[in-house]
Amino acid sequence: MGLDITVVIADRSWLARVPPRERLPRLRNAWYADAPAGDEGWAWPQGRDGSVFAVYEFPDALGSFNRHFWAGHRWERVRDHVAPALRTELDALLSALVWDGPDGEAEHTDTGFFGEGGRGVVLARSPESVRELAAAWGRARPHLDELHGPFAEHAAVPDGWISDFDPFTDLLTQWGDVRTEAARRGWCVVGLSE
C-alpha cells in the first residue's frame, strides 16, 4: 500500500494560539473530529472548527500520493530542457511541496512555524511560504504551455501516473488553486498522511 495525502489549509491565528510543536496535532485533531465528506475539490467542515480549516481532495487521486510523487519524477526528467526562468519557478513550487529537489534534500516543512513535522506530515507550509509559492505560481502559470514539447520528448510514458503533459499541468493547476486559496486567506497548507 502506498502513501496517502490529505491536503488541509488552516487559519494561522487559530494555529498560532498554541506552541509550534502543538500546531500540527491541533489541526489533526480538528480534522479527525470534523473531517468534511467530499469526493474531490474543496470540502468545508461544518463543526466547531469549521471556519478555521478546509480540506482539498485532488480529483482522480483517491487520496493517493502517487500522482504527486510521479509529478516530481517527471519534473526531474524535463527540468533541464525548460527555459531557466520557468525552471526556477517550478523548482521552487515543486520542491516546496512534492519533489525532493535537484539535490534530493528539499524541505517540505516550515519548522519555524510548525516545529518538527512528526509522524504523518508530508508537507507543512507557513502562511508566508504559501504567499511566496502563490506568487511563484502566478509567474509560472502563463508559461505552462512552454512545457508541452519538452515534456513530450523527455518525460512522457505510455501509461501510469502523470504519463503526459495534461495530467502534469492539471496537478500543477490544482496545487495552484490550493496555494491561491490559502494565500488569499493568509492560511497555511498542510499535507497529512494517515
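## The sheet

Five strands form an open sheet in the order β2-β3-β1-β5-β4, with antiparallel pairing. Strands here are DSSP runs of E, at least two residues long, numbered from the N terminus. Two strands pair if DSSP finds at least two bridges between them. The edges belong to β2 (41–43) and β4 (121–125); each has a single partner strand, so one side of each lacks a neighbour in the sheet. On average, neighbouring strands are turned by 20° against each other, direction ignored.

This is a predicted model: local features need pLDDT of at least 70, side-chain atom pairs count only at pLDDT 80 or more, and totals for chains, interfaces and linings use all residues. Residues are numbered from 1 along each chain as its sequence is written, and side-chain values use heavy atoms, leaving out hydrogens and water.

## Strands β1 and β5

β1 (residues 6–11) and β5 (residues 187–192) pair in the antiparallel sense over six bridges. Ala10 has Cys188 in β5 as its bridge partner.

## Helix α8

Helix α8 covers residues 165–185. Helices are DSSP runs of H or I, at least four residues long. At 1.5 Å a residue, its 21 residues should span 30 Å, and the end C-alpha atoms are 30 Å apart, which agrees. The expected span is 1.5 Å times one less than the number of residues. Just after α8, Gly186 takes a positive phi of about 75°.

## Gln174

Gln174 sits in helix α8. Its relative accessibility is 12%, so Gln174 counts as buried (under 20% relative accessible area, 1.4 Å probe, protein chains only). Leaving aside neighbours within four places in sequence, Gln174 is in contact (heavy atoms within 4.5 Å) with Tyr56, Phe58, Pro59 and Arg67.

Terms used: Axes are lines fitted to C-alpha atoms, for helices over the stretch in contact, and angles run from 0 to 180 degrees between N-to-C directions. Buried means under 20% relative accessible area, exposed over 50%, partly exposed in between (1.4 Å probe, protein chains only).
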